[in-house]
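Please consider the following structure, shown with its sequence. The paragraphs below lead through one chain as a whole, then the contacts between chains, and finally a few individual residues.

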Amino acid sequence: MNAIKRLGLPRIIIIIFFMSLWVVAGVNGLHVPGLMKDSLVRIGMNVVMVLAMVPAIRSGIGLNFALPIGIICGILGGVMAIEFEMVGLWGFIYAMIIAIPISVAFGWIYGVMLNKIKGSEMLVSTYVGFSIVSLFCIAWIVLPFASDEMRWPIGEGLRTVVSLESTFGGILNKFWAVEFSNGFVIPTGLLLFGAFICFVYYVFSNTRVGIAMKTVGDNPKFAAATGLNVDRYRILGTILSTVLGAIGMVVYAQSFGYIQLYTAPLMMAFPAVAAILIGGATAKKANISFVIIGTILFQGLLTISLPVASSFFDGGNISEVIRMIVQNGIILYALAQGGGE
Amino acid sequence: MTEQVIEKKPQTNSKKVLRFMIDNSVTLLFVVICIFGIIASKEQPFILVSMLLERMTRNTFLVLALLIPVVAGMGLNFSITIGAMAAQIAIITVAYLKIPSVGGLALAFVISTPIALILGKYIGKLLNRTRGQEMIASMITGFFADGIYQMIFLFMCGTIIPMTGSFILSSGMGLRNTIDLMKDNGIGKSLDNIVSIPFFNVTIVAGLVIVAYYIWKMKKERPEGFKKNKMIAYVGIGVLLTVFSILVMYTKVLPHKYALLKTVNMSVFTAIVVGGFAVFNVILLNTKLGQTLKTVGQDKHIAEVSGIKVNKIRELAIMLSTVFAAWGQIIFIQNLGILNTYGSHKQIALFAVAALLIGGASVSKATIGQAFLGVLLFHTLFIVSPKAGLNLFGDAQLGEYFRTFVAYGVIGVSLGLHAWKTLIMKKNE
Amino acid sequence: MQNEYVLQMKNIQKEYYGNKVLKGVNLNIKPGEIHAIVGENGAGKSTFMNILFGMRVIHDTGGFEGEVIIDGEKVVAKSSEEIMQLGVGMVHQEFMLIPDFTIAENIKLNREITIPNPVSKAFRKESLEFLNKKQMNGEAKEALDLLGMNIKETTKVAILPIGHKQFVEIAREVDKKGIKLLVFDEPTAVLTESEADNLLAAMKRLADKGIGILFITHRLDEVKAVTDNVTIIRDGEHIKTVPTTDVTVEEIAGLMVGRKISITQNEDMLTHDELDKLETVLEINDFKVKMPGEEVKGISLEVKKGEILGIAGLAGHGKIGIANGIMGLHSATGEVKFKGEALEISNTKTTLAKHIAFVSEDRKGVGLLLDGSIEDNIMITSMQVKHQFLTKLGLIDTAKIRSHANSMIEQLDIRCTDSKQATRRLSGGNQQKVCLARALTLEPELLFVSEPTRGIDIGAKKLVLDYLTKLASNGTTVVVTSSELAELRSVCDRIAIIAEGRLEGVLLPSAEDVEFGLMMSGEYHKYKKKKEAN
């Protein structure tokens, strides 16, 4: 009974719905092991970006709709790896070495800005995110990249989608992967890396600084009375969120096998927001278990709903439509709970 | 005892100028960008004026639909997308039933209104539940509704909703991507074509009206100093406008590229409809309802304590905004002449909000003048960016990305500045 | 037929969860009478007003006993709108004005005068009618004239000085036709002297028109200046109602305070000589604090090592601001020296690091992480400031935290299921003990406690006060800020009284009631001067 109360009725409904979809999939003759593999992959590739929401919520800046800032830093890292032909695991690490310091810098600037607009963070951050993505649309055309793999054959600038096949595409997914005869594969490397990042964050949240940051987010007045510098911890939360966004993007890209430039990152914050909300978080409260539950539910739901829906509605790209409805419906529901102010 | 007149402390002129520049920084920056853009694009004046005129006539109504929620303290209504969807449902119905021309258009207005009212009511209720985060809620509501809209038109048309013929995709399910509203005497341009006059004939009259108005005002009020100079300047502008227009229309004195301006036509009827709507907004604010809207927008708590049903008023504000957005979208689509079933509604919220903010409005204050100015500036940039990008950087795409960046950036900066100012004001209380 | 009384409240009694806050208060006001109500904090004035105005909080907590009779008719109101319809208006302390609207628009808020038009007639909706600005302005002007205010009614409220804003508030009530009784709740608190004089003159003008005035105030000289009768309430009891001419300021002050026999004298209190011998541990010079609602306008005070110093004063006069300012929670200026060294008051962290701790008056807002556990709340300040409760690796040391929390739970008798329970679930008294436990974990040399016994039951009260006494006897200096004067007098060695943001004086607990009463009203110096003159 207690578990049900803790999870909350909406979540229980979603879990039951999720389970039933698997049953329907089996009944309709869909390739379940393949779908399970896809689910695991999608979970692994998104989990770090969902985790990026946690430091933001905990430090009091709410849901980080400006995740695209970190994502762009991750893309920069990946693009540099391709430019300098960094192959294999080293390419993956190189991408992160580039992405992380840039995301610290961007995160810091953005954090300073957020401190000036306390109370309106979510709305402004959405448009800051959009602006940065648009700005980089110009950058991808203008920046002097030389790699033939990335550039348009004729004309200026980088292509819309850039392949990671020659560099570090799939490097984590294939690492220690366990293949089963029925088509089911466990992308061990991917899941281990995700678990590792979650673990690191978990350790951080149990240090003095981590606890201080959470205190600031829980009750800024209390934190001030405890001698904590509220503004500084908010900036810390923003930086952490941006860095995790960058790391998350590198993980995502290597799993996907491609880097999507230009306008693709525009809406990438929303799935992460929806995932953590479905996992039980609110704009004021989040922890790692919400991240894991939420990512599993959200990505799993998306993975399986397409084939199931397609088996009913012949043809058509219904998955995208369902994703829009489910994702935005969840966020809306969460907003309607919390009265904001 | 003479009546005290309390006035603000008088400021030096330089301080006044500085304040003006800070308060209107976004607009001024934009004016500068536009001027650069126009020069860089090397566009022909008559093309520029013609496109700008067309865009202003078709877009301003939508931007004006944003005003009432701002007055009611609900911020920028990003969910006007949903009003646009209501309009599109109506347009699709009218086109499918092959109801032609102005009659079809009128029917579209009629059909879209109840749909928009009902949807608006529910959006209003939802926004009341998300008090304090209305703007982001309205944005996400727009996305959510888009999903449902796509669900209806991609999967329910031809199957659950019995439609047949050329409107349905070959697979038998889903509405076709584009609907040409010009053919078969459709509703395309039906409003525009009611009265279409060369633009510079209109400006002759407009210029004369301006001159007459300000001369009359000066006679009536007899202003002094700065105010007097302002009015004389307006009269001067009116005279210049009239003279220039006469030169364009009736003489061959001007160089060719300016002479071509006489080919620019204006859809007068549409313009009157838009102007009428603007006037309607002013009149509305002068009624008790308007005053109640303003009160709710200024201070919800005081309004509540004074006996105003705050939640109902907020719902009403959104209902009105959604209906007006629907009508605005109908005007927009009829001018385009073509409906993009799955995409025509997608960016209108972004562009309308950006335009309004560029005109100098903020989350808590928006006027009709700002709406018009904003549309003028925003669409000027829209028109010149691709060519300017091509001329400056050899890439038209760059120009397009730049204008999208500007649209997002303007909103981000505007919202940020507003939030910052509010915070500072709270601290000083 | 004119009724004899415009308002009668007979034998009003009210209980809040077993606690009797009003024990039979009577009030009678005639038309044209100016009647004052005076009393300390917690005397019951706000509850009394809430009853008069039919506020929901009264109904939701079991209603009240007694009768409210307005203009001869017994009234059982379910909402404040009903009372207002009967002609009773209230001028609040916090203005309900919209800054961007004109004076006239504010006066006519939601009561605008309108002209019908074709559309409004077609839809039959009054809300679509046009505003009749001319008439609205005209009536607004009349209301302003009545009050002797000569400002253009089309001025925007935002640029008005506070005194004028208050007049607009009053004008709004007066403009409501049929106003019979106007209640003023501490109206002069925010006004300058000349503005206050204007207000009193306006009150007299209104009374001359036959409007009854109920004047809640602590400024006894104002009571003497304009009122006809004064009612004194203390601890929910109706002490006395007298014609103002029959009573002196000193008498009122004395009646306001009075001494409770049930609280026992503190035997450990230091004598005058003992106090003089103690060294000064905290020196405050010209201290000003910008705390909204509790502004401190310049205080100089010395705190002696090992004493228990009480800070008393009426609500809103600044006593709460002192501790908040020293701890850096609100911006403050002035000089503060701790053990001879200057204290960086804006830096809370360094102040805490010097072993100065603070228990806030805002238990739930500032004092606790409501969703946090008891043990987390207790350890957090020491962890952040002194880096305690961490393992060698820098991680949180749950075992140490738990054992410390358990010992604190035992020491302070905190009633809970265990140390992991969320503080939200605890009763007020136990929450207060958690706050105290956190402060004590810091092992302070100087402890500020604000409103330590607010909202706690008798048993917990005694425990907290006893604990503070024990602390002091072990060498900790304790500064207690409290609205409950009687408690301070039972526990403190000295009591500083703050009135209107300044230090009115320091008294020993044994001083006479009159002295306390006068100091709290800010009348002390006038009284002293008069005494010396005699």
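The radius of gyration is taken over C-alpha atoms, and the globule rule is 2.2 Å times the number of residues to the power 0.38. For the 429 residues of chain B, a compact globule would have a radius of gyration near 22 Å; chain B has 23 Å, which agrees. The model is predicted, so local features need pLDDT of at least 70 and side-chain atom pairs count only at pLDDT 80 or more, while totals for chains, interfaces and linings use all residues. Residues are numbered from 1 along each chain as its sequence is written, and chains are lettered from A and ligands numbered from 1 in the order in which they are written.

Along the principal axes, the C-alpha atoms of chain B fill a box of roughly 80 × 65 × 45 Å. Chain B has 17 helices and 4 strands; helices (H or I, at least four residues) and strands (E, at least two) are DSSP runs, numbered from the N terminus. A residue is buried if 20 or more other C-beta atoms lie within 10 Å of its own, exposed if 12 or fewer, and partly exposed in between, with C-beta atoms placed from the backbone. By this criterion, 45% of the 429 residues of chain B count as buried. Two residues are in contact if their C-beta atoms, placed from the backbone, lie within 7 Å. Among contacts in chain B between residues at least 6 apart in sequence, 74% join residues at least 24 apart.

Confidence is expressed as pLDDT, the predictor's confidence in each residue, from 0 to 100. The mean pLDDT of chain B is 85, and 97% of its residues reach 70 or more. Within chain B, the lowest confidence is in helix α1 (residues 13–23), at a mean of 76, and the highest is in helix α4 (residues 67–71), at 95.

The contact between chains A and B takes 36 residues from chain A and 40 residues from chain B. On the chain A side, α7 (121–142) and α15 (318–337) each supply at least two residues, and α7(A) gives the largest share, 13 residues. The side of chain A that touches chain B has 21 nonpolar, 11 polar and 4 charged residues; Ala, Val, Leu, Ile, Met, Phe, Trp, Tyr, Cys and Pro count as nonpolar, Asp, Glu, Lys and Arg as charged, and the others, Gly among them, as polar. In α7(A), 19 of the 22 residues are buried, so this helix is largely enclosed by the rest of the structure.

The contact between chains B and C takes 20 residues from chain B and 21 residues from chain C. From chain B, α12 (288–298) and α13 (300–305) give two or more residues each, and α12(B) gives the most, with 6 residues.

Turning to individual residues, A:Tyr110 lies in helix α6 (residues 88–115) of chain A. A:Tyr110 is buried, with 24 other C-beta atoms within 10 Å. Among the residues that A:Tyr110 touches, not counting those up to four places away in sequence, are A:Ala66, A:Ile69 and A:Val128. A:Glu85 is found in the loop between α5 (67–83) and α6 of chain A, and its phi is near 55°, a positive value in a residue other than glycine. Most residues other than glycine have a negative phi. A:Glu85 is exposed, with 11 other C-beta atoms within 10 Å.
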